[in-house]
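Q: Please pick one part of this model and look at it closely. Then show how the surroundings are built.

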Amino acid sequence: MTEDQEQMRVVEWCRTSDWKRSNAGLPEYGLGLIFHISNGGWRSKSEAARLKAMGVKAGVSDLFLPIPVGELHGLWIEMKAPAGETTKAGTVSKEQSKWLEMMELSGYGAAVAFGADEAISIIKEYMGMEDGSNAAA
């Protein structure tokens, strides 16, 4: 799977986890609040300059979960494609590492996830969900 597909799995898992809890009469976790920061992708030079003037920053993580837990203000996740049979795992850029470090110093959770399964595990740990739970119980 591509990095984009892995990320879509994470977002879908977050949305359906809250839906399952709601349908079971349980309070939602708020995982549906997760959102993507659209920093990547090809852009023309003029579009890139316009977006930079609007505040786009290199290195900002792919996903943000704006739910405070304990002393942390929210969770930043940098998605990377996992290693496949014929592909290497994605690499974290210097700007992405710096962003994650700055977020941790600012009181946020921050992690790199190599694929959807790892990202979901990170979210479960951050939220204090039981390992292996489907978020519906």
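A: **Helix H3 and its surroundings**

Gln96, Trp99, Leu100 and Met103 of H3 are buried. Buried means under 20% relative accessible area, exposed means over 50%, and partly exposed lies in between (1.4 Å probe, protein chains only). Seen down the axis of H3, the buried residues fall within an arc of 95 degrees, so they line one face of the helix. The arc is that of the directions from the helix axis to the C-beta atoms. An α-helix has 3.6 residues a turn, so residues three or four places apart point the same way.

This is a predicted model: local features need pLDDT of at least 70, side-chain atom pairs count only at pLDDT 80 or more, and totals for chains, interfaces and linings use all residues. Numbering starts from 1 along each chain as its sequence is written, and side-chain values use heavy atoms, with hydrogens and water left out.

On the other side of H3, Lys94 and Leu105 are exposed. H3 has 12 residues, 94-105, and at 1.5 Å a residue it should span 16 Å. That expected span is 1.5 Å times one less than the number of residues. The end C-alpha atoms are 17 Å apart, which agrees. After H3 comes Gly107, with a positive phi near 95 degrees.

What does the buried face of H3 pack against? Its buried residues pack against strand E3 (75-80) and strand E4 (109-114). Helices (H or I, at least four residues) and strands (E, at least two) are DSSP runs, numbered from the N terminus.

Met79 is buried, at a relative accessible area of 0%. It touches Glu3, Glu6, Gln7, Val10, Asp62, Leu63, Ala113, Gly115, Ala116 and Ala119, not counting residues up to four places away in sequence. Contact means heavy atoms within 4.5 Å. Gly115 lies 36 residues from Met79 along the chain, yet their C-alpha atoms are separated by 6.7 Å.

Now the cores. A nonpolar core is a set of buried Ala, Val, Leu, Ile, Met, Phe, Trp, Tyr and Cys residues joined through side-chain atoms within 4.5 Å. The largest has 22 residues; Val10, Leu31, Ile34, Leu65, Ile123 and Met127 touch the most other members. Helix H1 (3-23), strand E2 (63-65), E3, E4 and helix H4 (116-127) each supply at least two residues of this core. H4 gives the most, with 7 residues. Apart from this core lies another, of 8 residues, with Ile37, Phe64, Trp76 and Trp99 among them. Trp99 is also one of the buried residues of H3.

Step back to the protein chain. It has 4 helices and 4 strands, in the order α-β-α-β-β-α-β-α from the N terminus on. Of its 137 residues, 37% count as buried. Of the contacts with a separation of 6 or more, 65% join residues 24 or more positions apart.

How far can the model be trusted? The pLDDT is the predictor's confidence in each residue, from 0 to 100. The chain mean is 89, and 92% of residues reach 70 or more. Confidence is lowest in helix H2 (residues 45-54), at a mean of 84, and highest in E2, at 98. Over residues 132-137 the pLDDT is below 50; beyond near neighbours in sequence, this stretch has 14 contacts in the model.
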